[in-house]
Amino acid sequence: MKIKTEQDVSCNEIEVIIKYPQKDKQVRRIIDFLQSFDMQIKCAGENAERMINILDIYYIESVDKKTFVYLENAVYRTEFRLYQLKDKLQAYGFVQISKSCILNINVLESIKPLFNSRMEAALKNGEKVNINRNYLTAVKKALGGGKEE
């Protein structure tokens, strides 16, 4: 893959052109990633609502029918349900890892096996979350180890 950059002071916004011989899985992933730069979800902080860029999200967890959004060093609450966010964010590198948690694959540092066919995911901020065995196939697919679409 070649990457070319060009500064144009007359431009009002960034423009990305992708040239490809065939629209394959890699091209779709690049397009999805680029589109995710502008995508945000509404969350509630301590004093006010905030729009959180999805690239800043490490994982999203549902606890007692409340949905929490975990960033590198902060946690916010959102009114979205976990299944809504899973469907909305799946194309941008988010994958369900348990009944109550979806993970941003882009912040994954490493994975190691645990007992009972579960795995532990270490994130770039040092946090660790468990991957339930029922979701291992989806995680492997998201990491590129699954079957082609």
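What share of the contacts in the chain with a separation of 6 or more comes from residues 24 or more positions apart? The figure is 38%, where contact means heavy atoms within 4.5 Å.

1. **Basis.** This is a predicted model, in which local features need pLDDT of at least 70, side-chain atom pairs count only at pLDDT 80 or more, and totals for chains, interfaces and linings use all residues. Residues are numbered from 1 along each chain as its sequence is written, and side-chain values use heavy atoms, with hydrogens and water left out.

2. **Overall build.** The chain has 3 helices and 10 strands. Helices (H or I, at least four residues) and strands (E, at least two) are DSSP runs, numbered from the N terminus. Along the sequence the pattern reads α-β-β-β-β-β-α-β-β-β-β-β-α. The C-alpha trace spans about 50 × 45 × 25 Å along its principal axes. Of the 149 residues in the chain, 29% are buried. Buried means under 20% relative accessible area, exposed means over 50%, and partly exposed lies in between (1.4 Å probe, protein chains only).

3. **Helix H2, buried side.** H2 covers residues 82-89. Leu-82, Leu-85 and Leu-89 are buried in this helix. Seen down the axis of H2, its buried residues fall within an arc of 65°, so they line one face. The arc is taken over the directions from the helix axis to the C-beta atoms. The buried residues of H2 pack against strand E1 (40-44), E3, E4, E5, strand E6 (94-98) and strand E7 (101-104).

4. **Helix H2, other side.** Tyr-83 and Asp-87 are exposed, on the face of H2 turned away from its buried side. Glu-79 is exposed, at a relative accessible area of 66%.

5. **Strand E7.** Both faces of this strand are covered. Cys-101 and Leu-103 lie on one side, Ile-102 and Asn-104 on the other, and all are buried. In general, side chains of a regular strand alternate between the two faces of the sheet. Strands pair if DSSP finds at least two bridges between them. E7 runs antiparallel to E3, joined by 3 bridges, and Ile-60 stands opposite Ile-102. E6 and E7 are also antiparallel, with 4 bridges. These two strands form a hairpin with 2 residues between them. Ser-98 has Cys-101 as its bridge partner.

6. **Aromatic pair.** The structure holds 1 such pair. Rings of Phe, Tyr and Trp (its six-membered ring) pair if their centres lie within 6.5 Å; planes under 30 degrees apart count as stacked, over 60 as edge-to-face and the rest as tilted. Why is the pair of Tyr-59 and Tyr-70 stacked? The ring centres are 4.3 Å apart and the planes are at 10°, so the pair is stacked. Tyr-59 is in strand E3 (residues 57-63) and Tyr-70 in strand E4 (residues 66-71), 11 residues apart. Both tyrosines, Tyr-59 and Tyr-70, are buried.

7. **Open sheet.** Three strands form an open sheet in the order E8-E9-E10, with antiparallel pairing. Strand E8 (108-113) and strand E10 (128-131) are the edges, each pairing on one side only. Neighbouring strands of this sheet are turned by 25° against each other on average, direction ignored. Axes here are lines fitted to C-alpha atoms, for helices over the stretch in contact, and angles run from 0 to 180 degrees between N-to-C directions. Strand E9 (residues 119-123) is joined to E10 by 4 bridges. Glu-120 stands opposite Asn-130 in E10.

8. **Salt bridges.** There are 2 in the structure. The cut-off is a side-chain nitrogen of Lys or Arg within 4 Å of a carboxyl oxygen of Asp or Glu. Lys-112 bridges to Glu-120, with the closest N and O atoms 3.7 Å apart. Lys-112 is partly exposed at 45% relative accessibility, whereas Glu-120 is buried at 16%. Lys-42 meets Glu-49 at 3.9 Å, N to O. Lys-42 is partly exposed, at 44%, and Glu-49 is exposed, at 56%.
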